Amino acid sequence: MAENATIAEVTKKVEEVVLDEHGQPLSKNALKKLEKEKLKKERAEKDALARAAQAAAKASATVDYSKDFYGKQAINQSADRPGRKHERLTDISASRAGEKVWIRARVQTSRPTGNKMCFFQFRQSSATIQGLVVFDETTISKQMIKFAQNITSESIVLVEGIIAKPLEPVKSCTVQDAEITISQLFVTSEAQGRLPFNLEDASRPEADFEREDAQFSKVNLHTRLENRVFDFRTITNQAIFRVQAGVCKLFRDFLDSKGFMEIHTPKIIGAASEGGANVFKVKYFDTDAYLAQSPQFYKQMVVCGDFERVYEVGSVFRAENSFTHRHMTEFMGLDMEMAFEEHYHEILDVFDELFVYIFKGLEEQYAAELEIVHRQYPFEKFQYLPKTLRLEYKDAVALLRENGVEMGDFDDLSTEIERKLGQLVKEKYHTDFFMLDKFPLAVRPFYTMPDPKNPGYSNSYDFFMRGEEILSGAQRIHDAELLIERAKEHEVDPESVKHYVDAFRMGAPPHGGGGIGLERVIFFYMNLGNIRRVSLFPRDPKRLFP
């Protein structure tokens, strides 16, 4: 009725002014029709305004107010240097709660919680911290949350955030008393494609895989080595190679303190440094050359040049077609050579002190790294004596015979017999580390000094860790004529080592030394089962890549 009344009123009013094309007033029906059209138009306009308002509201809701605070950054080509300080995770703790910081780290894991929150575990080397990004209506948009939730694991990100103290310790991270509340999040390098294996599985303790209900995939050594760069990212490998660096540092520090000088000798040489067939021959222009089996000749020649105490850390090459747990075709040698005053046992004294220094240094300075390795690969603590046990070869043979091992006085030690000897020494002397002196002359290189009192023996020695050899050394022959005589007995052509022999013709001090296999020291100290675990990019007869 209200609508009809309105139409009637309007009709009455319009009747007074609305005329048809002939100048005659419109009929009541025509006026009603006209009014209906007018009302329809008004309703359409009202609906259009409502839709426009709704669209504007929707558009306002999708405005990304965080667009400048997240995203993928362009490749870093060093276009600028803003001078922003980046924190190390190891320096972050609850005591700094409230501080705003920037960090660059890898996304180890991410865990979305609905569409308004995402948790992260960020990693720098072996340190980890929890981060979280939370939606709010002014700074963190839903678009930013969605972006965060889609960042792939192992991508490198740049994060700004506030250090906060979590309600409970974050036990899954190395930084347990602090977390990062994220305000800016940028991907600087995206991890692309499928990862070769799960880093969490690759870091699990060995015992986890032996459980009946184990649901994990064990990552075998071959797969690790084929994807070595990715494998380095496990917390255990981070620890292993920091221990390796530590052994080198301790080796250098000790010898520097004893007046030794570091040298660097050639690795492409004109004659096989150890004799025999275990040498890599390479084409050298119009002649043949060899990859050095040791720095032996050159470190002796340097001693003859009056650098009386020298050492080297460098690559050693052995063309041994061997696939054992402890052999590689290239390894890092820790070599030492020194002139002595009266007796070659002065060298053993230095080695004794050196190894005790290294073992103590590992215990005191690398305890955290050793514990990390121990969690994945449990091992018995390495035992050693303050004064290293010294046995003569003949006494070791006697001990082996007493325990049922048949061998001749001058037989060399096989790997199996070495292990047996190590077991017997551990039971009798309670040590995993010992020296074996006075080896049979026939099983040593031609430049080894014969024992003047005991025919058939020599002034040479090996050191053992957990029953396996990690160092070989001797007093060297420093007389040119005796050196030539011994070379001939070993069927080494004196002309092929002429420059080496000539170094002793102008006067040479009595001297000796030894070569340590770096990887073996670490491998046996932590009892890791295979030497390839402690070589960055191991080389063996079937592995030349990566």
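This is a predicted model: local features need pLDDT of at least 70, side-chain atom pairs count only at pLDDT 80 or more; totals for chains, interfaces and linings use all residues.
Helix α11 itself comprises residues 393–402, and its buried positions are Y393, A396, V397, L399 and L400. These residues lie on the same side of α11 because they cover an arc of only 160° around the axis. An α-helix has 3.6 residues a turn, so residues three or four places apart point the same way. Just after α11, the backbone at G404 adopts a positive phi of about 85°.

Helix α8, formed by residues 296–304, was examined in the same terms. Its buried residues are Q296, F297, K299, Q300, V303 and C304. The packing partners of these buried residues are the strands β11 (309–317), β12 (330–339) and β17 (511–517), together with helix α14 (498–502). Helix α8 is followed by D306, whose phi is positive, near 75°.

With regard to overall architecture, the chain contains 15 helices and 17 strands. Along its principal axes, the C-alpha trace spans about 150 × 55 × 40 Å. The radius of gyration of the chain is 39 Å, whereas a compact globule of 546 residues would have a value near 24 Å. Buried residues account for 46% of the 546 residues. Among contacts with a sequence separation of 6 or more, 68% involve residues 24 or more positions apart. The accessible surface of the chain comes to about 29,300 Å², and carbon and sulfur atoms contribute 51% of this area.

The largest nonpolar core consists of 58 residues, of which F351, F355, F463 and M526 touch the most other members. When residues up to four places away in sequence are not counted, F351 touches M336, Y461, F463, L471, G513, G514 and I516. Apart from this core lies another, of 28 residues, which includes V101, I129, A178 and I182.

In the pair formed by F251 and Y311, the ring centres are 5.6 Å apart and the planes stand at 85°, so the arrangement is edge-to-face. This pair links distant parts of the chain, with F251 in helix α7 (residues 235–257) and Y311 in strand β11, 60 residues apart. F251 has a relative accessible area of 0% and is therefore buried; Y311, with a relative accessible area of 2%, is buried as well.

The aromatic pair of F410 and Y457 is tilted, with a distance of 4.9 Å centre to centre and an angle of 50° between the planes. F410 is located in the loop between α11 and α12, and Y457 in the loop between β14 and β15 (460–465), so the pair ties together parts that are 47 residues apart in sequence. F410 counts as partly exposed because its relative accessibility is 40%, whereas Y457, at 12% relative accessibility, counts as buried. Ring pairs also link Y344, F351, F355, F359, F382, Y384, F433, Y461, F463 and Y525 into a cluster. Among the members of this cluster are F351, F355 and F463, which also belong to the group of residues that touch the most other members of the largest nonpolar core.

Two further positions were considered individually. A207 is situated in the loop between α4 (199–202) and α5 (221–226). With a relative accessible area of 46%, A207 is partly exposed. A207 and Y377 are 170 residues apart in sequence, yet their C-alpha atoms are 8.8 Å apart in space. R486, by contrast, lies in helix α13 (residues 480–489). The relative accessibility of R486 is 7%, and the residue therefore counts as buried. R486 touches L441, F446 and I477, not counting residues up to four places away in sequence.

Definitions and conventions
Residues are numbered from 1 along each chain as its sequence is written. Side-chain values use heavy atoms; hydrogens and water are left out. Buried means under 20% relative accessible area, exposed over 50%, partly exposed in between (1.4 Å probe, protein chains only). Helices (H or I, at least four residues) and strands (E, at least two) are DSSP runs, numbered from the N terminus. The arc is that of the directions from the helix axis to the C-beta atoms. A nonpolar core is a set of buried Ala, Val, Leu, Ile, Met, Phe, Trp, Tyr and Cys residues joined through side-chain atoms within 4.5 Å. Contact means heavy atoms within 4.5 Å. The radius of gyration is taken over C-alpha atoms; the globule rule is 2.2 Å times the number of residues to the power 0.38. Accessible areas come from the Shrake-Rupley method with a 1.4 Å probe; for residues, only the protein chains shown count as cover. Rings of Phe, Tyr and Trp (its six-membered ring) pair if their centres lie within 6.5 Å; planes under 30 degrees apart count as stacked, over 60 as edge-to-face and the rest as tilted.
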